[in-house]
Amino acid sequence: MTQTTVTPATTTATPSGLRSLYLIRVAFSLVWAALVFTTSASLVSTDRPTVIAAVLLIIYPLWDVIATLLERRMAGTGSRNRVSTINMALGLATTTGMIIAVFSTITTALLVFGVWALLSGAIQLAVAIRRRRTVGAQWPMVISGGQSVLAGATVAATSASATSSLSTVAGYAAFGAFWFLVSVIALSIRGRRVGLEA
């Protein structure tokens, strides 16, 4: 069987590129979580998301699609990267579903968000495990992906609870930002070690 060797530069993003993208994701998630926290008192009206909440809920999965697209272009994999294609399709489907959900009830919106967080977390976990050999320092993303799966399942399962609120998804975003920041630090440390060993 003939094997085609592809250099790592064409199949995976560079550590420095990932650090830059992760920092952007940290900033976005923190700003988004801050907006949700500071406006939490007015995010729900008669069990329906307000305009502010609707915009925030729609933007979050859409941003994940944009970030995935940026990462794929940075890696130069194009349409060959099936995992990122699936993740982008999931994000677009979630964005569409959220547009519909925000005109319904906060329960529906939380259910959509929770299912998306669960599935996207599973994808993130798979990507991080695959990158361990090519990029390294992926343990923060493994933890983050696993945490997203658990958080998504919890949000979805408790979406109909009387105590459920949008502050839950703000916490989800904040924890996500934390793990992306930890990943930036881990990649930086690994980069220095590789540089010293070279």
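Q: How many helices and strands does the protein chain have?
A: This is a predicted model, in which local features need pLDDT of at least 70 and side-chain atom pairs count only at pLDDT 80 or more, while totals for chains, interfaces and linings use all residues. Residues are numbered from 1 along each chain as its sequence is written, and side-chain values use heavy atoms, with hydrogens and water left out. Helices (H or I, at least four residues) and strands (E, at least two) are DSSP runs numbered from the N terminus. From that terminus the elements run α-α-β-β-α-α-α-α-α, and the chain has seven helices and two strands.

Q: Are helices α4 and α5 roughly parallel or roughly antiparallel to each other?
A: Helix α4 (residues 82-101) and helix α5 (residues 106-131) pack with their axes 10 Å apart, at an angle of about 170°. Axes are lines fitted to C-alpha atoms, for helices over the stretch in contact (heavy atoms within 4.5 Å), and angles run from 0 to 180 degrees between N-to-C directions. Angles under 35 degrees count as roughly parallel, over 145 as roughly antiparallel, 65 to 115 as roughly perpendicular and the rest as oblique. Therefore α4 and α5 are roughly antiparallel.

Q: Is Leu23 buried, partly exposed or exposed?
A: Leu23 lies in helix α2 (residues 15-38). Buried means under 20% relative accessible area, exposed over 50%, and partly exposed in between (1.4 Å probe, protein chains only). Because its relative accessibility is 44%, Leu23 counts as partly exposed.

Q: What percentage of the 198 residues in the protein chain do buried residues make up?
A: The share refers to the 198 residues of the protein chain. Of these, buried residues make up 42%.
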